[in-house]
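Good morning, and thank you for coming. Please look first at the sequence and the structure, which I shall then describe.

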Amino acid sequence: MSSERRGAEILIEALIDLGVEVVFGYPGGAVLPIYDAMFQQNRIRHILVRQEGGAVHAAEGYARSTGKPGVVLVTSGPGATNAVTGIADALMDSIPIVVITGQVPTSLIGTDAFQECDTIGITRHCTKHNYLVKDPAKLGDIVHEAFYLATSGRPGPVVIDLPKDVQVATARYSKPKSISHQAYRPQVDPDAARIEAAVEMLAAAERPILYTGGGIINSGPQASAALRELARLADVPVTSTLMGLGAFPASSPQWLGMLGMHGTYESNMAMNRADLILCLGARFDDRVTGRLDAFSPRSKKIHVDIDRSSINKNVRVDLPIVSDVGRAIEAMVALWKARKPRTHGLKRWWDEIDQWRAKRSLDFPPSTSEIMPQQAIRSLWEATKDRSPIISTEVGQHQMWAAQHFDFEAPNKWLTSGGLGTMGYGLPAAIGAQIGNPDALVIDIAGEASILMNIQEMSTAAQYRLPVKVFILNNQYMGMVRQWQELTYSSRYAESYTEALPDFVKLAEAYGWTGIRIEKPDDLDAGITAMLDHDGPVMVDCRVAQLANCFPMIPSGAAHTEMILQANEVSGEMDDEAKALV
Amino acid sequence: MRLKPELSERHTLSVLVDNEAGILARIAGLFSARGYNIESLTVADINEDESISRITIVTSGPPHVIEQIISQLERLVPVHKVTDLTALGPHIERELALIKVASTGEQRIEALRLADVYRARVVDATTSSFVFELTGGAEKIDKFIELMREVGLVEIARTGIVAIARGKEAA
């Protein structure tokens, strides 16, 4: 049995035992003992962000790009409340992070002490679980359990609130032999009979489609490999949610592109006309389904999800399978290989899909006078595709254009805030990804409005000499807001234009970055090359067509078949039912 | 534009949870965050070392919402088990109420007579008041309270519903 140590040292020791290499954080009064313990060791690297919100998004970017849990350390009160957006973001997108928050000493809890807030109360419903640690003897076990919860089952954020006196008080710590929880037991293995039923349904279907999501990324690279194998064996088309991009290679002829509100015509039409949807680690959210009563009306639906509460939440399914999605797909692959169950070909289905593809729904009007934002993304992809870049985004039009026009071949390369839709996510996420992947090319595709929400993190990148690239599609509008105002409110652009933007080139230089401005289509490729050639952080201010819209688009409350395509875009006023939808 | 209400049904759920700080806030907060109804909620620890509590929740909603409520409850880390007693079938629901009535003369006699009919016990009495203790289903208690309003009802305290499945098996 080891000797007694301070709570702060127990925390560090437990983090080391758990294989933690990096912590994103910001010091403050209620975490000084932990920072002092951190100072006296060299096993864990601390990355000092410029605002706690940045620490959480950095941890998310680290987690999403490495597959390892991200760790955050912030102080009490404002430190914890600044972290809340990122915690809620991680919950929505199922990102494994552990957030350690300082708290005022236990004797002061509830007295409205300096920098006190009810962190446990505030984060209770935006975490997978949270803990207030009152006894240093329990701290070690709680830290191990927190990592187990964050990374197992459906991953998510876990908060450990650690009062300052518990950081100083001493206790014994030993690494727990194994972690199990009496009540929490995620079901990771699929029911064999249901896998058999799923394979039979897939084999019998004449118009099947695989609808994949972020669960496949969470499940690990082997799940992506299994998905590719299943798609190949069954010769089925594959579409994906925003969060699932990269699980299936965009270069595959079986790839239909993203589905949903800004998905391709072919993927949404195929979902609508399918006779079987095999949903793998996605959750039928409103951005995907459109109007629920018109969603894929003639299909049987199989839903594989590790979270039982995702099943039948929005859409009734015929065959639910609660399981780790990777294991379920592997089981289907094994059974398919053993049985070779398909007796018919899918030529008619593929012919139909080819007709939808012929619409070329991602085409956009070319311009020689202005840079089209879609073209900027295409050019960026062309220039970087051989380097397998990690792309993060902020939230808005640029995010959707990136999802549509940047082709991903592998998982863990695409970092975006899908569920919560958090502007300001991309830069800190890129920083986290660069820390976790020092040799990778990491690019934040940004909008000029979003980037300003966590602009202070440029200073973090400068401090750690991180060569992240920020590629801003600058149209001076909160573009997605403006687009909705154009389509829904007769172009009344309430507060969506930014009157005063910084000079991003000078801003970059002020932070010790390199700044590049691209203003003309002819300069696009050279500007991108200059960005890539610079071995350090670069901010590109790419001035794009101000009023370009992101199409195709399924308006809120519309069916998959009611897509607005680029060719027939409409401005106007929508009725109140449509206005009430998100 | 008008908002449309949905048809709902009443379900009694029995939830076994770790008896830890904040568990009630976790459960109650889940209901408010996701817009579920709570008609009644009771909680008490039920095992020897007081480490496990049973929470009995009476809720209402359309069937797909009830299914979601159960799944969402099961998703909470400290929740061991959720049983939908209504879906399970035969089960017993009981509630205890303390009812204070102040009256004199004929009304006082009538209150006592009605209490006898409903098998309510007198647990406190003064020359001008009674406190009745009544156990039973919620409907019986509602009915008794309604009658007491006519004979001098002063105040009511109710426990909320506790419930358990019939038969020898644990639900």
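Two residues are in contact if their C-beta atoms, placed from the backbone, lie within 7 Å. Helices (H or I, at least four residues) and strands (E, at least two) are DSSP runs, numbered from the N terminus. Axes are lines fitted to C-alpha atoms, for helices over the stretch in contact, and angles run from 0 to 180 degrees between N-to-C directions.

This is a predicted model, in which local features need pLDDT of at least 70 and side-chain atom pairs count only at pLDDT 80 or more, while totals for chains, interfaces and linings use all residues. Residues are numbered from 1 along each chain as its sequence is written, and chains are lettered from A and ligands numbered from 1 in the order in which they are written.

Let us begin with the sheet of chain B. Its four strands form an open sheet in the order β2-β3-β1-β4, with antiparallel pairing; two strands pair if DSSP finds at least two bridges between them. β2 (40-45) and β4 of chain B stand at the edges with a single partner strand each, so one side of each has no neighbour in the sheet. Strands β1 (residues 9-18) and β3 (residues 52-61) of chain B are joined by 10 bridges.

Which strands does α1(B) lie across? Helix α1(B) lies across β1, β2 and β3 of chain B, at about 150° to β1(B). Helix α2(B) lies across β1, β3 and β4 of chain B, at about 160° to β4(B).

Finally, the contact between the chains takes 19 residues from chain B and 19 residues from chain A. On the side of chain B that touches chain A, α2(B) gives the most, with seven residues.
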